[in-house]
Amino acid sequence: MRVSRLMLVTLRDVPADAEIASHQLLLRGGYIRRVTSGIYAYLPLMWRVLSKIKSIVQEEMNAIGALETLLPQLHPAELWQRSGRWQGYTAGEGIMFNLEDRQGRELGLGPTHEEVITTLAGDLLRSYRQLPVTLYQIQSKFRDEIRPRFGLMRSREFIMKDAYSFHANEADLTTTYKAMDKAYKRIFSRCGLETVAVDADSGAIGGAASQEFMVTADAGEDLILTSADGIYAANQEKAVSHPAKATPLPSKESIVLDTPNQKTIETLCSTQGLHPSQVIKVLVMLARIEDGELQPVLVSLRGDQELNEVKLLNALSKELGKMVLDVAPITADQIVSQGIEAWPFGALGPDLDDALLSSAKSWITRFLRLADPSATALENFVCGANRSDQHRIGTNWSKLGGKPKSVDLRKAQAGDCCIHDSSQILEEQRGIEVGHIFQLGRKYSQALEAHFTNDKGTQEPFWMGCYGIGISRLAQAAVEQHHDEAGISWPLAIAPFEVIVVVANLQDEPQQKLAEQLYSELQAAGIDTLLDDRNERAGVKFKDADLIGIPWRIVVGRDATKAEVELVKRSSREVRKLPATQALAELIEEIGVNNH
RNA sequence: CGGGAUGUAGCGCAGCUUGGUAGCGCACUUCGUUCGGGACGAAGGGGCCGCAGGUUCGAAUCCUGUCAUCCCGACCA
């Protein structure tokens, strides 16, 4: 391809609405343009990158026997109603774009394809003899994100590879899950990415195991915790650890203390000379349940620990046996609008009386009480007295009428000791989630009545797995991991072009001739080559080549008459002068071995 | 959804305080000189100043509303 024909539009100034380096560089390099918030056009250079990533993914999926398909993006509401997800995905904070057709029938734009694929599998797969089957597709997904940001990192329309597997039993699901894990690692490594596989929350989707693949980068939205020995790695949402030891409360004496204006753990402790681990803090939250009920929740935590909301959400769904859409702290305004007498915020105890809820207009009038094990393990502690500006010192669970149900609710943090080896300390890193694999179990096959006949002749729902890769996100993550002050430095395997031949001076006939010759020889060797034949000064072409990040550059300049060129490696910026024939041979060797 | 910021040419910005009909740099077009790290000179083209009301003889500028975009938060009482 000739640069003069490439519709290459690079920007010298950094667009004001891009924050992180990868987003800025993709805009500046002429790879993407924003159409509206969270929705981008992939320009020709970008499409080549995406196509290369797609090819790698296809090769690895095909290699483990997965079948490529293409499913519709418009989904009938009825399908999602059968799985029970329509309400949660379209109402309130739901992320599914939805619309009505001319007959008034409701449709949604697919954010994911479990419903469609499971229904199809139920129709087509009748016998255990047909199993296992893995299907995959690469297409655009639509999600009305609460807050799209950072270009392709979190967009509302994005390209995803999603795969779904169907099995006669759980052991077989595990086999495919492990094969996927290996395929994913090959995919990311072939794309030139440093990734970490971490334990992940499988959330309300349920299921046994789930693992995310994170591209490590400071701009990542996720926090991951790893042990130095490399054995443990988890998303903070899921991570477990041992909390630091609590400082025992010296006095066993039980008293109620006036604590005016000591509403936070911090001020309470500094004023009273306490350690936060001696205090139980109580959070009042409101859970919104899928059937529309509003459940007040009382969460007790050790004062030095923090709540992991994802764990809480999962625990609530399990306790209530119903899907909980979200959970958020109760505000003073909400209490007023419920017509409830004000609560002694800042002095709440785990035994806050249900009677406070008796006049609530739309809430369930009984607290659901949960506590983290680090809180229930305390034998003698401090907590609020349920009266403004008063705390109880030296109290215990039996005085409070017993322990609440104990569930892991605390946020693991860097510095905590690991579960597998308490000499290992958790370290934190930021990551961009580019892949996620799940063992779904039978949730969807049961809900959608997708059955097969097993070897005993009876009907049974499938065991299922699902496996995603964010193709467009992966492309931007690669830039985030591979760039410098001059621009992008694509890994060879996913670069839009592998080599760019730059003619320093287009007016110089020997230069032009040699460049044309190299260009056609590289192409003949099957190498994706750009020829910068623009009538620009050399500096402009060098800057653009650096910005768009082509891994290899051949500069045909002053020494063209001697048939000498410069070979420049983008990643190291190493420059070598050598005969044109040798440069050609080296590139064919280098690129041929690594990439074809 | 809450909080903050910003909307002026393709991109980056000034002008707004103190109203008088729009400017700079880059990019684009033409000509000339240049030609190895974002050249120089000359001449051009391109704007419903986000949108809608209002105030005023007159609004990019003041007022009201609205829309859009970006950032922070979704929080330990």
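**Chain A and RNA strand B**

Me: What does the secondary structure of chain A come to?
Reply: Chain A has 15 helices and 31 strands. The model is a predicted one.

Me: What box do the C-alpha atoms fill?
Reply: Taken along the principal axes, the box around the C-alpha atoms of chain A is roughly 95 × 65 × 50 Å.

Me: Which domains does the assignment give for chain A?
Reply: Domain 1 is made of 3–73 + 110–240 + 428–479. Domain 2 covers 255–406, and domain 3 covers 497–595.

Me: How far apart are domain 2 and domain 3?
Reply: Their C-alpha centres are 67 Å apart.

Me: Now the RNA. How many residues are around RNA strand B, and which come nearest?
Reply: There are 48 residues around RNA strand B. Those that come nearest are Ser37, Gly346, Ala538, Gly539 and Gly557.

Me: Which elements give two or more residues to that surface?
Reply: Strand E14 (280–289), strand E16 (324–329) and helix H14 (538–548) do.

Me: And which gives the most?
Reply: H14, with 8 residues.

Me: How do the residues of the surface near RNA strand B divide into nonpolar, polar and charged?
Reply: That surface has 22 nonpolar, 10 polar and 16 charged residues.

Me: Back to the whole chain. What share of chain A counts as buried?
Reply: 43% of the 596 residues of chain A count as buried.

Me: What about contacts: what share join residues at least 24 apart?
Reply: In chain A, 71% of the contacts between residues at least 6 apart in sequence join residues at least 24 apart.

How values were computed
Residues are numbered from 1 along each chain as its sequence is written. Chains are lettered from A and ligands numbered from 1 in the order in which they are written. This is a predicted model: local features need pLDDT of at least 70, side-chain atom pairs count only at pLDDT 80 or more; totals for chains, interfaces and linings use all residues. Domain bounds come from an automatic or database domain assignment. A residue is near a molecule or strand if its C-beta atom, placed from the backbone, lies within 6 Å of it. Helices (H or I, at least four residues) and strands (E, at least two) are DSSP runs, numbered from the N terminus. Ala, Val, Leu, Ile, Met, Phe, Trp, Tyr, Cys and Pro count as nonpolar, Asp, Glu, Lys and Arg as charged, and the others, Gly among them, as polar. A residue is buried if 20 or more other C-beta atoms lie within 10 Å of its own, exposed if 12 or fewer, and partly exposed in between; C-beta atoms are placed from the backbone. Two residues are in contact if their C-beta atoms, placed from the backbone, lie within 7 Å.
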